[in-house]
Amino acid sequence: MSKILITYATMTGSTVEVAQAVGEEIARSGLQVEIHPISEVKSLEAYDAVVVGAPMIMGWHRTASGFLKKHRAAFRRIPLAVFVMAMSLTKTGETSVSGVPIYLDEKLPKPPEKEGRLNFRERYARLSNYLRPIIQATHPVTPVSIGVFGGRLDYGRLKWWAVLFAMLIVRAPAGERRNWPAIRSWAAGLPAAFQLEAQSAGPAGQTA
Ligand SMILES: Cc1cc2nc3c(=O)[nH]c(=O)nc-3n(C[C@H](O)[C@H](O)[C@H](O)COP(=O)(O)O)c2cc1C
């Protein structure tokens, strides 16, 4: 049976539950799923596809970017999907970046304050600005899909410098914006995107 790795980085923990939801949806297709933090993944040899998820933390989480670069060669053999958690995204109408299809949580993007002229924060929070470094990390291979979803911002769990950045640059109110139906709907499409759907080799298995 094909084995799928879901691996994640996090700062304050909310991405862990997203990784679990993604794993649950993939397991429904009869594929075997393993979920591990990136720090525990040494090799991708045992897997037939990989999902890497992490939040935007002044750019995509450094651990996740490093993971993609480190395993770049493996992604020539096995398909990769990526998910990105964010609290601020400028509505620009972009639906793909560098040819990679993007699945966007419709509730996340906000229109710019002045139509046709983006300010510094709005330019920073463009989809292409967030995703281009991620796509370049595995060049010339690209992810089969990138999901971009609202996350959770919890100022009580953050150090002062992180609060400052989030307040000044992200400018998002604290709170829960994870859109579970959108996350699950994206994840349910991954077996097909990986071309690994509908295997009938017994009950779905999930191990963490
Ligand atoms: C220091 C810091 C920087 C952040 N930078 C961004 C950012 O650039 N863009 C964005 O949309 N969200 C940003 N966020 C929001 C996080 O991506 C969001 O809260 C995420 O869901 C946190 O996931 P976690 O709980 O797994 O760490 C930032 C949050 C913090 C604390």
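These legends describe views of a predicted model of one protein chain.

**View 1. The fold of the protein chain.** Its secondary structure comprises 7 helices and 10 strands. The radius of gyration is 17 Å, close to the 17 Å from the globule rule for 208 residues, so the chain is as compact as a globular protein of that length. Along the principal axes, the C-alpha atoms fill a box of roughly 55 × 35 × 30 Å.

View 2. Of the 208 residues, 49% count as buried. Among contacts with a separation of 6 or more, 79% join residues 24 or more positions apart.

**View 3. Surface and charge.** The protein chain exposes about 10,300 Å². Carbon and sulfur atoms supply 52% of that area. There are 25 positive and 16 negative side chains. The centres of these two sets lie 8 Å apart.

**View 4. The loop that holds Ala-9.** Strand E1 covers residues 3-8, and helix H1 covers 14-27. Ala-9 sits in the loop between them. Its relative accessibility is 5%, so Ala-9 counts as buried; the cut-off for buried is under 20%.

**View 5. Residues around Ala-9.** Setting aside neighbours within four places in sequence, Ala-9 is in contact with Thr-15, Ile-38, Gly-53, Ala-54, Pro-55, His-61, Thr-63 and Ala-64. One of these, Thr-15, falls within helix H1 (14-27). Val-52 is 43 residues from Ala-9 in sequence. In space, the C-alpha atoms of Ala-9 and Val-52 are 8.3 Å apart.

How values were computed: Residues are numbered from 1 along each chain as its sequence is written. This is a predicted model: local features need pLDDT of at least 70, side-chain atom pairs count only at pLDDT 80 or more; totals for chains, interfaces and linings use all residues. Side-chain values use heavy atoms; hydrogens and water are left out. Helices (H or I, at least four residues) and strands (E, at least two) are DSSP runs, numbered from the N terminus. The radius of gyration is taken over C-alpha atoms; the globule rule is 2.2 Å times the number of residues to the power 0.38. Buried means under 20% relative accessible area, exposed over 50%, partly exposed in between (1.4 Å probe, protein chains only). Contact means heavy atoms within 4.5 Å. Accessible areas come from the Shrake-Rupley method with a 1.4 Å probe; for residues, only the protein chains shown count as cover. Lys and Arg count as positive and Asp and Glu as negative; His and the chain ends are not counted. The place of a charge is taken as NZ of Lys, CZ of Arg, CG of Asp or CD of Glu.
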